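I opened a new entry for this structure.

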Amino acid sequence: MLREETGADHAFRMDARVWLAQNLDPSLRDLPGRPDPERMLNWCRRLHAKGWLVPHWPRAYGGSELTPVQQLILYEEQARAGVPEISLQGINHIGPILIRFGSEDQKRRHLPPILDGKVIWCQGYSEPGAGSDLAGLRTRAVVDGDHLVINGSKIWTTWGHYAHWMFALVRTSAPELRRNAITFVLIDMASPGITRRPIKTIAGEDELAEIFFDNVRVPIENVVLGIGQGWAVATELLNEERLRGSNPSFALKALWRLRRLAAYTGIDRDLGVRDRLAALEIEAEAVSASYLDLMETVDDSNVASADSSFIKIIGTEVTQRITEAMQELAGPLAAVEHSVPYDGRQVDFSGLPLQARRLSILGGTNEIQRSLIASRVLQLPRGGTRA
Ligand SMILES: Cc1cc2nc3c(=O)[nH]c(=O)nc-3n(C[C@H](O)[C@H](O)[C@H](O)COP(=O)(O)OP(=O)(O)OC[C@H]3O[C@@H](n4cnc5c(N)ncnc54)[C@H](O)[C@@H]3O)c2cc1C
């Protein structure tokens, strides 16, 4: 962290460092991908017992309301310790959205199982013809008594094949109404009529899934905010997703691995390599500082779209630059699929660079984020027109 730490913040950092050293099972350290669902949920339960699973949630809902500086320290210490990647759809996406928009029943039913590490959520936004243009989604839901009946499909659903619940966007009215016809609904993935098909990523993992809905009946009480009101919820969730998902942990984790790779291969004796590492460290620090600045200025009830777009672009692109350097500097070793032990830790040559390719696509591609900044902040004319 660039800022000078107060005594209390330093004590918090040391507590985090010691706790992680004592509680993070070595088999969970430095994984190139995610652990299996059961081990991941176990780790979530441990984090929650310490108050660090949802440090950003209000205390009233089981969070610990850590300050932005403390949250940043946690990201830094977790990256240093090599904690595993966890499924964020419950803790960063639907949790805060239900706190803001959910009914009392929805909060009572869905928030505690997220904290207790009992449930995995997935996000059903994208469809084969609706990714960047979400308003074009075609999965339909028709009201039948006190249920919605859903037909259609979703794609690129992270951990959709493991998830217990999905939050989804469905079309509840005529396509010409576009946004006002979209409803945000919570779907129990055990419902009859749901088929899931895993999709392998470039990193060779079953990270994604395609989901098919064939007359799936969902109680109307699972609709958030109201039928046809889904767009407001959906965009708010996307802002949260971009903001939280762009925290510096991935960049910092990559940086620690790059340092270990450089030491393992001995290339850090080369002055040119050292320069390159130093430049990347400065970039990662800049992401941390920008993230902290944003977290301190953003009003929790209103994450601006331009802010979340900005941090998403810089966070993901710096991470990709670090992992690209990792691949280049590894040379032929970049073709080695498995990590190797070094200095009590693992050095990973290819996993992380492949994992990082996805970051500039998910949550809305960086091209789209640039367009949003161009139109909403810079107020540039739209394509084809000249001022
Ligand atoms: C690893 C991973 C995990 C994901 N997880 C989820 C998930 O859990 N749930 C979910 O719902 N979705 C998920 N997604 C999907 C993701 O949100 C979409 O892939 C993304 O929004 C882009 O949509 P698309 O794939 O349809 O690409 P398209 O929208 O077809 O875009 C293709 C290319 O064209 C560019 N493009 C499109 N329109 C414009 C424009 N107007 N101006 C400039 N360029 C443009 C895009 O930037 C992109 O480069 C995930 C994706 C990945 C890669």
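Predicted model: local features only at pLDDT ≥ 70, side-chain atom pairs only at ≥ 80, totals over all residues.

**Ligand shell.** I began with the residues around the ligand. There are 17 of them, and Ser-126, Ser-132, Trp-156, Thr-158 and Thr-365 come nearest. I then asked which elements supply at least two residues of the shell. They are β3 (147-158) and α11 (366-376). β3 gives the most, with 3 residues.

**Polar atoms at the ligand.** I checked the atom pairs next. Ser-126 places a polar side-chain atom 2.7 Å from a nitrogen atom of the ligand. For Trp-156, a backbone N or O atom lies 2.9 Å from a ligand nitrogen atom. Thr-365 uses its side chain: an N or O atom there is 2.5 Å from an oxygen atom of the ligand. On its own the ligand has 970 Å² of accessible area, and the protein covers 65% of that.

**Thr-172.** I moved on to the loop between β4 (165-171) and β5 (182-188), where Thr-172 sits. Its side chain makes a polar contact with the side chain of Thr-183, at 2.6 Å. Beyond its neighbours within four places in sequence, Thr-172 has contacts that include Ala-141, Leu-148, Ile-227 and Gly-228.

**Surface patch.** Last, I looked at a nonpolar patch of about 210 Å². Tyr-264, Leu-333 and Val-336 make it. I found Val-336 in the loop between α9 (305-330) and β8 (340-342).

Note on methods
Residues numbered from 1 in each chain as written. Heavy atoms only, no water. Patch = residues over 30% accessible without salt bridge, like charges linked within 9 Å, V, L, I, M, F, W, Y side chains within 5 Å. Areas by Shrake-Rupley, 256 points an atom, 1.4 Å probe, with all protein chains shown as cover. Salt bridge = Lys/Arg side-chain N within 4 Å of Asp/Glu carboxyl O. Helix = DSSP H or I, 4+ residues; strand = E, 2+ residues; numbered from the N terminus. Polar contact = N/O pair within 3.5 Å; in protein donor to acceptor, adjacent residues only side chain to side chain. Contact = heavy atoms within 4.5 Å. Near = heavy atom within 4 Å.
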